[in-house]
Amino acid sequence: MRTTKKNLSSNALKRIGASAIKTRAPVRKIVARKSVKSSITASKKSLQMPSKSVPVKKSAPALKVIPAFARNKPISTISASKFTAPIPILIKPPAMTRPITEQMSLARSSNLAFKVLLKPISKPIALPPEDSVIQKYRERSHRSKQAFDQAIKYIPDGVNGIGHLDPFPPYIQRGEECYLWDIDGRRLLDFVNAGFSLPMGHNHPRVRQAVIRQVQNGMHFSEPTELEVQLARNINARMPSIERMRFTASGTEAAMFAVRVARAFTRRPKIAKMEGGYHGSSDAVLAGTFITKAGNPMQSKGLLKGASEDTRVLPFNDLKACENKIRANKDVLAAVILEPVIASGGCIPPVEGFLQGLREITKRFGILLIFDETVTFTLSKGGAQGLYNVTPDLTVLGKAVGGGMPIGVFGGRADVMSMVSSMNGGPSVPHSSSYSGHPISMAAGIAHLEALTPDKYVLLNGLGDQLRTGLKRLADNLKVKMKVTGVGHLFAYHLTDANVVDGHSAATSDFESVHRLNMALLNRGFHLMAHGQGCVSTAMTFAHIDQFLKAMEESLAEVGLSKKAVKA
């Protein structure tokens with residue numbers, strides 16, 4: 001039988017007395033359900049409610065909390081059978097500016113309402129106040145919050161790229177050289193650089209002009225152009241190990257095809273990869289990518305069962321353990337794929353001899369070695385393989401080639417890449433895509449590589465060295481538990497005592513404090529990746545690095561990691 005608002009109110013008044021709900025501010029009832037605690041129902045007759053209403057200041061109206069089943073429903077549509085032993089409770093609003101819906105969400109997520117129902121209390125309950133660093137960010141990001149509220153109506157999490165940020169990300173309007181401007185008008189010194197892909201900063205004039213010229217000639221053909229030949233020639237000049245190559249639309253596709261080619265060439269089913277290494281989002285290479293703080297793998301849902309079974313995960317920088325695992329699987333391993341420097345997993349460089357040893361081991365067992373240089377391509381003119389003097393069989397390239405445009409490349413030894421060719425009676429590994437070799441990406445890539453002259457690498461290394469050295473000095477002087485990693489233009493800070501050499505040790509970082517520290521830096525106009533990674537660009541100067549180090553010192557104090565004075 002449907003209960004009307006009138007009947008429901010009458011029943012409630014009979015149980016608890018009219019005086020208990022006649023407060024100076026409107027209050028909703030928190031209601032215990034039968035499944036919460038049977039003893040509540042048994043003892044409801046002995047429950048003594050206050051004979052007087054609890055005063056609530058008019059300037060701070062009481063938080064209205066309602067059961068989950070009744071949320072957003074007219075009271076006339078709620079069945080009376082849902083209610084047992086109603087217990088009115090006043091909850092004092094916290095001293096913060098969060099909307100009521102967010103306060104209610106926090107109460108639910110912290111099990112606060114559940115605990116209240118188990119033990120009725122007479123004093124108001126205050127929800128924990130929001131972090132002052134987050135409050136400052138909210139106060140300065142009203143338009144980004146509005147954009148986020150619209151985005152989540154259509155886009156899960158409101159984000160498509162890597163810009164996930166709690167409570168919401170800054171929405172970017174434009175980028176120029178080493179700066180970003182968000183829609184709230186805030187200028188940010190950018191150490192993200194589109195996920196390590198812009199070593200010369202945003203909107204480089206040579207790249208911009210090349211893109212404009214190509215747009216005027218036509219944006220897309222799905223047919224070959226001379227631009228593909230020119231870019232392939234430039235890549236081969238930088239990385240002679242890439243004798244033959246194919247272009248794709250992203251690094252994810254390039255890694256996927258490199259693995260497929262390796263399996264076809266060796267006629268072996270399995271691959272090995274490094275724990276904490278990232279090679280895009282195809283099934284075969286996602287195993288072992290994400291690691292929890294407890295050191296356990298965190299696997300994506302929806303992968304084919306055989307994907308993880310056919311992937312062996314190796315410990316980065318532990319050559320002996322790698323050798324043992326490779327030897328145990330030598331007859332089934334087609335390839336070992338790795339980032340020569342773990343990038344997104346913490347900017348972790350290889351220890352001396354690791355890459356060289358891995359090259360020798362894989363060659364001994366007839367296993368292909370694949371370097372994923374999606375990020376490390378710009379460590380030197382010859383990428384990481386040039387910097388460390390190690391020659392892989394196959395190489396994967398991506399965003400660091402395109403100067404800001406989407407692109408991917410897979411290539412290597414001519415005999416291995418013949419698996420993609422149709423000149424000998426049909427390809428063993430078909431590869432065809434409407435957007436592969438996209439003319440705008442080709443034009444941007446050519447201009448980007450031509451502008452990356454040897455002096456640019458000298459500047460990138462100098463800026464990176466100053467930043468890493470400065471962070472280490474800060475940590476030592478302020479007695480902060482911080483480890484700093486990186487090489488060339490790449491860097492990361494880790495809030496941990498552990499020596500960060502692989503995915504497991506990187507996962508010991510205090511990511512909650514990293515988040516607060518990043519937010520404090522963002523409030524000061526400095527933009528880093530979620531776990532403390534970043535990269536410098538040639539658009540920066542040494543003065544920019546000094547400004548960042550000063551902001552880091554102030555931010556460490558603000559979040560309570562050091563005792564130096566804080567400047568807002």
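Author: Of the 46 residues in the largest nonpolar core, Phe191, Phe548 and Met552 touch the most other members; such a core is a set of buried Ala, Val, Leu, Ile, Met, Phe, Trp, Tyr and Cys residues joined through side-chain atoms within 4.5 Å, and buried means under 20% relative accessible area, with exposed over 50% and partly exposed in between, for a 1.4 Å probe and protein chains only. The model is predicted, so that local features need pLDDT of at least 70 and side-chain atom pairs count only at pLDDT 80 or more, while totals for chains, interfaces and linings use all residues. Residues are numbered from 1 along each chain as its sequence is written, and side-chain values use heavy atoms, with hydrogens and water left out.

At least two residues of this core come from each of H5, helix H6 (142–151), strand S4 (179–182), strand S5 (187–190), helix H19 (454–478), strand S14 (490–494), H21 and helix H22 (542–558), where helices (H or I, at least four residues) and strands (E, at least two) are DSSP runs numbered from the N terminus. H19 gives the largest share, seven residues. Leaving aside neighbours within four places in sequence, Phe191 is in contact (heavy atoms within 4.5 Å) with residues including Leu467, Phe491, Phe526, Val536, Met540, Ile545 and Phe548. A second, separate core holds 36 residues, among them Cys322, Ile348, Phe365 and Ala492.

Two of the contributing helices, H5 (residues 132–139) and H21 (residues 511–523), pack at an angle of about 40° with their axes 9 Å apart; axes are lines fitted to C-alpha atoms, for helices over the stretch in contact, and angles run from 0 to 180 degrees between N-to-C directions. Val133, Ile134, Lys136 and Tyr137 of H5 make this contact with His515, Arg516, Met519, Ala520, Leu522 and Asn523 of H21. These residues divide into six nonpolar, two polar and two charged, with Ala, Val, Leu, Ile, Met, Phe, Trp, Tyr, Cys and Pro counted as nonpolar, Asp, Glu, Lys and Arg as charged, and the others, Gly among them, as polar.

Turning to the strands, S4 and S5 run antiparallel and are joined by three bridges; two strands pair if DSSP finds at least two bridges between them. Tyr179 has Leu189 of S5 as its bridge partner, and in the hairpin of these strands, which has four residues between them, Gly185 takes a positive phi near 85°. S5 also pairs in the parallel sense with strand S15 (residues 526–527), over two bridges, and here the bridge partner of Leu189 is Phe526.

S14 belongs to an open sheet of three strands in the order S13-S14-S16, with antiparallel pairing. Strand S13 (483–485) and strand S16 (533–535) are the edge strands, each pairing on one side only, and the twist averages 20° from one strand to the next. Three bridges join S13 to S14, and Tyr493 in S14 is the bridge partner of Val484.

Of the contacts in the chain with a separation of 6 or more, 72% are between residues 24 or more positions apart.
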